[in-house]
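Please read it alongside the sequence and the 3D view.

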Amino acid sequence: MDGYIALYMFAAICLLLMLGYPVAFTLAGTALAFAAVGVIAGHFDPAFLAALPARIFGTINNDTLVAVPLFILMGVILEKSRIAEQLLGTMSRSFGSLRGGLGIAVVLVGMLLAASTGIVGATVVTMGLLSLPSMLKGGYSPSLAAGTICATGTLGQIIPPSIALVLLGDVLSNAYQQAQLSMGIFNPKTVSVGDLFVGALIPGLLLVLLYLTYVLGIARFRPHLAPNVETEPVALSELLGSLLPPLVLIAVVLGSILAGAATPTEAAGVGAVGALLLALAKGEMPRSRLREAVIDTMKVTCMVFMILIGAAVFSLVFRGFGGEDLIHHWFEQMPGGVLGATLVVMLVIFLLGFILDFIEITFVVVPIVGPVLLMMGVDPIWLGIMIAINLQTSFLTPPFGFALFYLRGVAPPELRTSAIYRGVIPFIIIQLLVLATLWIWPALATWLPAAVQ
């Protein structure tokens, strides 16, 4: 009976979030309300709440999560300093004369921005403001232009350094240790954010390759949808001047992690300082703009950590009602064993992506299902990459995909919302294809982390 109360609590939280209530306070408030009723009814042991102060302190004191504000600051500085804007303009002029060239430029710049900012909203808005008018004016199909911008903007979910991978890595690390302790392994192995960064490289590049293939295929077989656009020639010095700063920053941040010279948190610090130095060198970071960047970083960081605290309260109450044991029992009884259970989890996360943000799913759903799947023998790196791509797909899925909202907010009125929805469908299929490929060949996510250890 108590386990089902935990499920009722989860359903109540989803309902309240759909009604628009703040995430962090909904998580904590609903959980505490259910806990209070449970204590009065004799279905909840208040001793579980005694662990809450230690949970909150552990969250705030977590060295891994220090990478979150640093990566956010790096991305915001690159956005405010117009480095991304200059890169996009130069690449568009370089490829625009080719058939489908503007689409190719958007995909390549989206990849570089994902590897240097990791912020989906900033990438979609930047490319929507700068590339969408050029693509529409050049005769591109509105749906193709919108779909390409939305899809490449979401690459920040999977291509490191990704905020989503930092948060997933911390949650999965705790879940992996919990799973091993439950199995009587008192010297548990660990999985780190760096492992997820390395594991995401091949799937992320595969997504980029498939996006480029799709755009080139449209340009080849339906040229009227992606024509060539007359642009001014770009001097080699101008091209290098736009490309080298973000490439050097990416090489320093990711290279230090891959080489084992720095942890993701240390690399994030280097990235934030590097982005600031690049902005100062360009003369694009006056004190007022730096102040805006710091304030924006503080707002996002506070939001993330408040959700973390709310999720800590929720997970304690969920466990106190026996919800974790109920989920474990269901998974063990499920047809298909571990594969069947994993498939159900992926489907549930995909459906929840229609109504919940990736942060909410990461902090609410993954701590519930993660330990159970890991106890059943699922590889934690593979599971993390699968969840990350799944959450990336939820950014594109109509009608509630957040990338669609970001683009709708900056798109011209003549671009119909239905055109945006039609445009993202092929890219959703591509992402589902990559998920299926990873399901069949898990080594795409696990080989590189094992090779660099």
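The chain averages a pLDDT of 82, and 96% of the residues score at least 70. Here pLDDT is the predictor's confidence in each residue, from 0 to 100. This is a predicted model, in which local features need pLDDT of at least 70 and side-chain atom pairs count only at pLDDT 80 or more, while totals for chains, interfaces and linings use all residues. Residues are numbered from 1 along each chain as its sequence is written, and side-chain values use heavy atoms, with hydrogens and water left out.

Confidence is lowest in helix α14 (residues 323-333), at a mean of 74. The highest value, 91, belongs to helix α20 (residues 417-440). Helices are DSSP runs (H or I, at least four residues), numbered from the N terminus.

Axes are lines fitted to C-alpha atoms over the stretch in contact, and angles run from 0 to 180 degrees between N-to-C directions.

| Helix pair | Angle | Axis separation |
|---|---|---|
| α6 (residues 101-116) and α11 (residues 236-258) | about 45 degrees | 9 Å |
| α4 (residues 67-80) and α13 | about 145 degrees | 9 Å |
| α4 and α9 (residues 163-182) | about 175 degrees | 10 Å |

Take α6 and α11, with their angle of about 45 degrees. That makes α6 oblique to α11 (under 35 degrees is roughly parallel, over 145 roughly antiparallel, 65 to 115 roughly perpendicular, the rest oblique). The crossing is left-handed, a term for a near helix turned anticlockwise from the far one by less than a right angle; clockwise is right-handed. L112, A115 and S116 of α6 meet L243, L247 and I250 of α11, where contact means heavy atoms within 4.5 Å. These contact residues divide into 5 nonpolar, 1 polar and no charged.

Helix α4 has two partners here. With α9 the angle is about 175 degrees. The two are therefore roughly antiparallel. A67, V68, F71 and I72 of α4 touch I163, V166 and L167 of α9. That contact has 7 nonpolar, no polar and no charged residues.

Against α13, α4 makes a right-handed crossing. The α4 side includes V68, I72 and K80, and the α13 side includes R289, E292 and D296. By class, this contact has 9 nonpolar, 2 polar and 4 charged residues.

The structure also holds 7 aromatic pairs, meaning Phe, Tyr or Trp (six-membered) rings with centres within 6.5 Å. F10 and F314 form a tilted one, 6.4 Å centre to centre with 50 degrees between the planes (under 30 degrees is stacked, over 60 edge-to-face, the rest tilted). F10 lies in helix α1 (residues 2-18) and F314 in helix α13 (residues 287-320), so the pair ties together parts that are 304 residues apart in sequence.

Notes: Nonpolar A, V, L, I, M, F, W, Y, C, P; charged D, E, K, R; others polar.
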